Amino acid sequence: SITTPNGGKNSKYMVGGVVHTKATLAASPKTKTIDLEMLGDPNFYFVAKHTTGSGGGQDNQFRDALNFISQQNAMNKDKLVLVLDGDYYQSPFLRFPTRIDYVRNLITESGLSGNTWAGTYSEVPAQINEWLSQNQ
């Protein structure tokens with residue numbers, strides 16, 4: 001089942017490809033908290049951003065998602081799912097048709113495509129099913 005990690009000391013963060021609770025971290029994490037988790041074999045950790053319009057606040061949410069990629073580890077069997085919804089992520093970014101395309105390219109170039117994925121909410125079930133079928 002999918003749950004939301006409790007707040008406070010039980011909040012969950014990804015650091016160096018490992019999920020920690022706030023209580024077990026020695027220093028402030030570089031990422032925001034994980035929004036949802038689905039524990040099993042493998043575990044799935046979700047970061048969900050729904051962003052519309054443009055501006056500084058929206059750019060901060062985008063950077064938050066990118067920070068999770070920097071904290072993932074290619075050897076981690078757990079899955080990181082970045083759910084990026086809203087027109088902000090459908091707009092062009094640098095040389096990419098959309099911000100989602102930019103994030104997907106970053107994941108691939110970082111060697112994380114085996115355990116990290118980015119897309120819209122409607123695409124999530126197909127990606128989870130693909131990962132689960134590979135795990136059998």
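In which sense do strand β2 and strand β3 pair, and over how many bridges? Select residues 12–15 for β2 and residues 18–21 for β3: the two pair in the antiparallel sense, over four bridges. Keep in mind as you look around that this is a predicted model.

Stay here a moment. Met14 has Val19 in β3 as its bridge partner. Together β2 and β3 make a hairpin, with two residues between them. Click on Gly16 in that turn: its phi is positive, about 60°.

Pick out Leu82 and you'll find its bridge partner in β7, Ala118.

Now zoom in on β7 itself, residues 116–119. In a regular strand, side chains alternate between the two faces of the sheet.

Last stop: two helices. Select α1 (residues 56–71) and α3 (residues 99–109). Their axes lie 11 Å apart, at an angle of about 20°. Angles under 35 degrees count as roughly parallel, so that is what we call α1 and α3. Their crossing is right-handed.

Show the side chains where they meet: Asp59, Phe62, Leu66 and Ile69 from α1, against Arg99, Tyr102, Val103, Leu106 and Ile107 from α3. Seven of these contact residues are nonpolar, two are charged and none is polar.

Key. Residues are numbered from 1 along each chain as its sequence is written. This is a predicted model: local features need pLDDT of at least 70, side-chain atom pairs count only at pLDDT 80 or more; totals for chains, interfaces and linings use all residues. Side-chain values use heavy atoms; hydrogens and water are left out. Buried means under 20% relative accessible area, exposed over 50%, partly exposed in between (1.4 Å probe, protein chains only). Two strands pair if DSSP finds at least two bridges between them. Axes are lines fitted to C-alpha atoms, for helices over the stretch in contact, and angles run from 0 to 180 degrees between N-to-C directions. Angles under 35 degrees count as roughly parallel, over 145 as roughly antiparallel, 65 to 115 as roughly perpendicular and the rest as oblique. A crossing is left-handed if the near helix is turned anticlockwise from the far one by less than a right angle, and right-handed if clockwise. Contact means heavy atoms within 4.5 Å. Ala, Val, Leu, Ile, Met, Phe, Trp, Tyr, Cys and Pro count as nonpolar, Asp, Glu, Lys and Arg as charged, and the others, Gly among them, as polar.
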